[in-house]
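Morning, everyone. Please have the sequence and the model open while I talk. I'll go residue by residue, then turn to cavities and salt bridges.

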Amino acid sequence: MMKWVFLFLLLTPALWLQGAKVNETDAYVAAVKKVTDIMVNDVTSPVAAARYYAYTNLAAYETIAGLKPKKFPSLSAELTHPLQLTLPAAKKKQLFSSAVLALWKAAQALLPSGSQLKPAIDSLAALLPPANVQLVDQVVLQITTWAGQDGFMQLNNLKRYTPKRGPEYWQPTPPAFMAPIEPHWNTIRPFMMNRANQFLTSPPVKYDLAPDAPFYKLAYEVYSVVNEKDREKIEIAKFWDCNPYEISQIGHVEFGLKKISPGGHWVGIAGIACKTKDLPFEKTVLTHALLAVALHDAFIACWDEKYRSDRVRPETVIQQHIDRSWKPVLQTPPFPEYVSGHSVASTASSVVLTAVFGRNFAFTDDTEVAFGLPVRSFQSFEQAANEASISRLYGGIHYRDAIDQAIWQGGEVGKLVRSKLDRYFDLLR
C-alpha cells in the first residue's frame with residue numbers, strides 16, 4: 001500500500017494534499033501533463049509536440065499490450081510502416097506503473113529536456129520488479145529506435161528554406177520576424193497516412209488586391225472582424241491561441257511567453273474527457289495513443305500544404321495595402337498561412353474523441369487555466385473544434401478559406417485513423 005501512496009504522491013501531489021481521491025486514470029493524465037510541461041518550457045513547435053505525444057503515448061500503450069496482449073493487442077502491425085516489437089515476459093499486476101514508466105522513459109529519450117524526468121523515472125522504476133523494467137526498456141528502446149528512422153534527425157541536413165519572391169508569398173512577421181518553422185516537415189514518416197499529400201486541399205484563393213476580388217474580400221473580412229473588437233470573439237481567439245512562439249516586448253527587450261501547443265491543448269481535453277467518463281486506466285492510455293497518432297498525421301498533412309502554397313499572412317497584406325496601423329488580436333505564428341494548423345489538428349482530434357466518447361459529450365475545458373485564461377464549456381468535441389477553427393479568423397491570423405479547407409483536411413485524417421484502427425476504437429466502447 002505504501003508503494004502506491006508514494007506513486008500517487010509522485011504523480012499528483014496537489015490532489016493528495018487536498019485530500020482528493022486519486023485513481024489510475026487521474027494519475028496517467030497527470031503523468032502526461034508532466035511531459036506537456038517540459039514541452040512548454042522547451043518551446044516545442046506544434047509539429048514536434050504532436051510527434052512526441054505520439055511516440056510517448058504509443059510506448060505506454062505498447063507496454064500494456066506487452067503485458068495484456070489478448071485484451072489490448074499491439075498497434076505496431078497496424079501502422080503504415082509496421083513496427084516489429086520483441087518483448088520479454090513480465091508481471092501483469094504492475095501494469096499501471098509499467099505504462100507510466102514507459103511514457104516517461106520515451107519522453108526522456110526524445111525530448112530535448114527529457115532528462116528533467118530522471119528523478120521521477122528512478123523513483124518509479126524502484127517500485128517495479130526487474131522483469132517489468134526490462135520490458136519497459138525494450139519497448140522504449142525499440143520505439144525510440146524506430147522514431148529515429150522517421151526523418152526527424154535528417155531535417156537539419158535538408159536544404160535551407162528561402163522565402164519566395166512575390167507579394168502573394170509568406171514573409172516573416174513582427175515582432176521577431178522569425179524564420180519559418182519546420183519547412184520540411186512533410187518528409188516525416190506518418191503513422192496512418194501513406195504519404196504527406198494524401199489529403200490535398202483545394203488551392204488557396206488566388207492573390208488579387210482588386211476590391212472585388214475574392215482574395216481581397218477574404219483579407220478585408222479579417223480586417224473587419226478584428227476591428228469589431230467584439231469581447232467574446234477576442235476571448236475565443238485568446239483561449240485557442242496556443243502559439244509557443246509568442247514574443248513580448250518591453251522597450252528594446254524581447255522575451256518569449258510559455259504557451260501550450262494546439263496538440264497539447266487537445267491532449268489536455270482528452271485527459272479531461274477520460275476523467276469525466278471515469279474511463280479505465282488502460283483505455284485512457286489507448287485513447288491518448290489514438291489521439292496522438294491522429295495529431296501527428298494531421299500536422300504532416302497541414303505542413304505539406306503550408307509550404308506548397310506558401311501564402312502570405314493577413315497581417316502582411318492588411319498593413320501593406322489596407323491599414324498600416326492595423327494589428328491582429330493574436331501574434332502571427334512563424335510559418336505560412338494556408339491551411340490553418342489549429343483547425344486541422346482540432347478537427348482530427350474531434351473525430352477521434354467523438355468516436356471514443358460520443359457526439360454529445362459535454363465537458364468543461366480548463367486546459368488554459370495554467371496560462372491565465374478562464375475555462376470554457378462545450379456540448380461536444382465538434383463544437384470545441386469548430387470554435388478553435390473560427391478563432392483563427394477572430395484572432396486575425398487566418399483567412400476563412402484556410403480555415404474551411406483545414407476543417408476538411410483534419411476531418412479526413414481523423415476518419416482515416418478511425419477506419420484503419422476500428423477494432424481499437426471498439427475496445428473503448
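S391 is buried, with a relative accessible area of 0%. Keep in mind that this is a predicted model. S391 sits in helix 14, which covers residues 381-394. What does S391 touch, once residues up to four places away in sequence are not counted? The answer is I236, A237 and W240.

Next, I403. Find I403 in helix 15, residues 400-420. Buried or exposed? I403 has 3% relative accessibility, so it counts as buried; the cut-off for that word is under 20%. Now look along the chain to V339. I403 and V339 are 64 residues apart in sequence. Their C-alpha atoms are separated by 6.5 Å. The contacts of I403, leaving aside neighbours within four places in sequence, are S340, S343, S389, I390, R392, L393 and H398. Hold on to R392 from that list. We meet R392 again at the largest cavity.

Now L290. This residue belongs to helix 11. L290 has a relative accessible area of 1%, so it is buried. Which residues does L290 contact, leaving aside those within four places in sequence? They are L75, V352, V417, L421, Y424, F425 and L428. For a sense of distance, take G358. L290 and G358 are 68 residues apart in sequence, and their C-alpha atoms are 15 Å apart in space.

T144 is part of helix 7, residues 130-147. Its relative accessibility is 17%, and therefore T144 counts as buried. The T144 side chain reaches the backbone oxygen of L141, at 3.2 Å. Beyond its neighbours within four places in sequence, T144 is in contact with A106, A109 and L110.

On to empty space. Rolling a probe the size of a water molecule over the atoms shows where such space is left. How many cavities of 30 Å³ or more does a search of the whole structure find? Three. I'll describe the largest. Its volume is about 140 Å³. The lining of this largest cavity has 17 residues. Those nearest its centre are P262, P333, F335, H342 and R392. By type, the lining of the largest cavity divides into nine nonpolar, five polar and three charged residues.

Last topic, salt bridges. Side chains of opposite charge can pair when their charged atoms come close. The count for this model is 18 salt bridges.

Start with K68 and E282. Their closest N and O atoms are 3.5 Å apart. This pair links distant parts of the chain, 214 residues apart. K68 is in the loop between helix 4 (46-67) and helix 5 (95-110), while E282 is in helix 11. That puts E282 in the helix that also holds L290. How exposed are the two ends? K68 is partly exposed, at a relative accessible area of 22%. E282 counts as buried, at 16% relative accessibility.

Second, E78 and R423. Their side chains meet in a salt bridge at 3.0 Å, N to O. E78 lies in the loop between helix 4 and helix 5, and R423 lies in helix 16 (residues 422-427), so this pair ties together parts 345 residues apart in sequence. E78 is partly exposed, with a relative accessible area of 26%. R423 counts as partly exposed as well, at 44% relative accessibility.

Third, R429 and D426. The N to O distance in this salt bridge is 1.9 Å. R429 counts as exposed, with 55% relative accessibility. D426 is partly exposed, with a relative accessible area of 37%.

Then the network. Salt bridges that share partners join D241, E246 and K259 into one network.

That's the tour. Questions, please.

Note on methods:
Residues numbered from 1 in each chain as written. Predicted model: local features only at pLDDT ≥ 70, side-chain atom pairs only at ≥ 80, totals over all residues. Heavy atoms only, no water. Helix = DSSP H or I, 4+ residues; strand = E, 2+ residues; numbered from the N terminus. Buried < 20%, exposed > 50% of the residue type's maximum accessible area, 1.4 Å probe, protein only. Polar contact = N/O pair within 3.5 Å; in protein donor to acceptor, adjacent residues only side chain to side chain. Contact = heavy atoms within 4.5 Å. 1 Å grid on protein atoms, 1.4 Å probe; cavity = no way out; pocket = protein on both sides within 12 Å on 5 of 7 lines; lining within 4 Å. Points joined across faces, edges and corners; volume = space filled by probe spheres on them. Nonpolar A, V, L, I, M, F, W, Y, C, P; charged D, E, K, R; others polar. Salt bridge = Lys/Arg side-chain N within 4 Å of Asp/Glu carboxyl O.
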